[in-house]
Amino acid sequence: MPRRMGYDRWLFVTAGLLVLGGILMVGSASHYVAMSAGKSPWHFLLRHIVYVALGSVALVAAMRLPYRRLDDPRVAYGAAAACVVALVTVLAMPAAGGARRWFPLGIASVQPSEVAKLAVIVFLAHVLSRKEERIHEPWAVPLPCLALTGLMAALVVIEPDLGSAAMLCAIAGTMLFVAGLRWSWIGAVGGLALLASVAAVLVEPYRIQRIRTFWNPTADLQGAGFQLWQSLIAVGSGGLTGSGLGQGRQKALFLPAAHTDFIFSVIGEELGLVGTGLLLVAFSILFWRGMRAAVRAPDRFGFYLALGTTALLTLQGLIHMGVCLGLLPTKGLPLPFVSWGGSSLIASMVGIGWILNVSQYSN
């Protein structure tokens with residue numbers, strides 16, 4: 001393996017600023033929610049700081065441990081198998097908010113779908129780096145990769161969590177597309193994914209309602225369209241510079257999930273176009289430096305590891321913003337590094353640690 005060089009400072013500083021910004025915004029967006037639940041106004045902020053501390057340890061470990069150690073069949077297949085078992089087991093957990101997505105561990109909960117995203121990246125990077133020249137042989141690459149991704153996505157849909165399932169498919173699709181998978185495969189799998197998505201929407205009335213709200217946000221402002229409309233009010237009222245940090249009104253129980261699924265809307269209201277613009281710049285830098293690390297990786301495993309992780313972080317960020325702006329149907333996906341939620345935050349920090357790890361080796 002080539003000798004270690006310096007870590008990518010642009011990427012490290014950008015990720016650090018996003019995490020610090022997340023602490024500020026979670027503190028601002030969560031105190032009304034905390035008080036309405038009979039907790040301290042700083043309940044979510046203090047727990048978020050603990051998650052940041054744990055995520056920082058995980059980030060340093062991901063940076064320091066040579067990434068090639070992940071390119072081991074025992075790691076790639078073991079992680080994938082463990083995630084499948086976890087995704088099956090979590091379905092037996094008590095429902096929270098109408099879903100079974102978390103393992104309750106007392107002071108915290110673990111969401112296996114977040115870990116599954118990382119496991120899929122490692123598994124696909126392992127397979128593609130070793131069998132890239134056999135990308136068109138069904139039993140060598142496409143079927144094993146698509147079977148694992150499809151199984152995980154199906155289990156996540158059952159939770160139900162259609163957004164995370166879509167992210168799993170998007171990650172796999174990006175990596176296989178870049179690897180050179182034939183358009184016939186891409187078209188066939190894309191068609192099946194589309195049919196599965198339509199079926200998943202049709203079997204749940206609330207998903208149908210979300211699609212209707214997406215097409216006509218003003219049709220039911222006190223019902224299905226309430227969340228999206230409050231989000232648009234928050235973003236629209238921010239103007240150029242916003243109302244000021246902590247001064248937003250929509251987070252006062254008008255905007256549901258203000259500290260998680262709609263934290264971008266709070267940023268738009270309190271920091272305005274300037275704040276949301278800087279956030280877009282940060283994710284653009286993350287994409288640029290992540291792809292730079294991938295292209296300059298000394299081996300194909302490093303290339304696919306950095307590519308898949310960069311796709312995960314940037315695509316999820318863009319989807320979160322698109323939902324808050326009404327450009328995509330409403331679906332709960334956290335904003336990487338910023339939204340409250342331990343599993344998502346720690347997984348994002350592990351991912352950025354992997355990219356930083358790859359970035360320290362020069363071809």
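Where is the place of P160?

1. The model under review is predicted. P160 is placed in the loop between helix 5 and helix 6. The peptide bond that leads from E159 to P160 is cis, and its omega is near 5 degrees.

2. L253, which is found in the loop between helix 9 (226-237) and helix 10, has a positive phi, near 70 degrees. F337 likewise has a positive phi, near 75 degrees, and lies in the loop between helix 11 and helix 12. With a relative accessible area of 1%, F337 is buried, because that value falls under 20%.

3. Salt bridges come next. The count comes to nine. In one of them R74 pairs with D72, the closest N and O atoms being 2.9 Å apart. R74 itself counts as exposed, because its relative accessibility of 69% is over 50%.

4. A second pair is formed by K117 and E114, whose closest N and O atoms are 3.4 Å apart. Both belong to helix 4 (residues 112-131), and because they are three residues apart there, about one helical turn separates them. K117 is buried, and E114 is buried as well.

5. R300 forms a salt bridge with E132, with 2.7 Å between the closest N and O atoms. This pair links distant parts of the chain: R300 is in helix 11 (residues 300-324), E132 is in the loop between helix 4 and helix 5 (142-158), and the two are 168 residues apart. R300 counts as partly exposed, its relative accessibility being 36%. Elsewhere among the salt bridges, shared partners join R68, D71, R130 and D299 into one network.

6. The structure holds one cavity of 30 Å³ or more. The volume of the largest cavity is about 70 Å³. At least two lining residues come from each of helix 4, helix 11 and helix 12. By class, five of the lining residues are nonpolar, three are polar and two are charged.

7. The second largest pocket has a volume of about 700 Å³. Of the 26 residues that line this pocket, W102, H259, T260, W340 and G341 lie nearest its centre. Helix 2 (43-64) and helix 12 (342-359) are the elements that give two or more residues to the lining. Helix 2 gives the most, with four residues. The lining divides into nine nonpolar, 11 polar and six charged residues.

8. How many residues does the largest nonpolar core have? It has 53, and those with the most contacts inside the core are L124, L128, M152 and L305. Helix 2, helix 3 (73-89), helix 4, helix 5, helix 6 (162-179), helix 11 and helix 12 each supply at least two residues of this core. The most come from helix 4, which gives 11 residues. L305 touches Y67, L70, I121, V122, A125, W354 and V358, when residues up to four places away in sequence are not counted. A second, separate core has 38 residues, among them L11, L255, A293 and M349.

9. S265 has its place in helix 10 (residues 263-295). This serine is buried, with a relative accessible area of 0%. Neighbours within four places in sequence left aside, S265 is in contact with S231, A234, V235, L255 and C324.

10. E204 is found in the loop between helix 7 (183-202) and helix 8 (205-215). With a relative accessible area of 28%, E204 is partly exposed. The C-alpha atoms of E204 and A58 are separated by 37 Å, and the two residues are 146 residues apart along the chain.

Methods
Residues numbered from 1 in each chain as written. Predicted model: local features only at pLDDT ≥ 70, side-chain atom pairs only at ≥ 80, totals over all residues. Heavy atoms only, no water. Salt bridge = Lys/Arg side-chain N within 4 Å of Asp/Glu carboxyl O. Buried < 20%, exposed > 50% of the residue type's maximum accessible area, 1.4 Å probe, protein only. 1 Å grid on protein atoms, 1.4 Å probe; cavity = no way out; pocket = protein on both sides within 12 Å on 5 of 7 lines; lining within 4 Å. Points joined across faces, edges and corners; volume = space filled by probe spheres on them. Nonpolar A, V, L, I, M, F, W, Y, C, P; charged D, E, K, R; others polar. Core = buried A, V, L, I, M, F, W, Y, C linked by side-chain atoms within 4.5 Å. Contact = heavy atoms within 4.5 Å.
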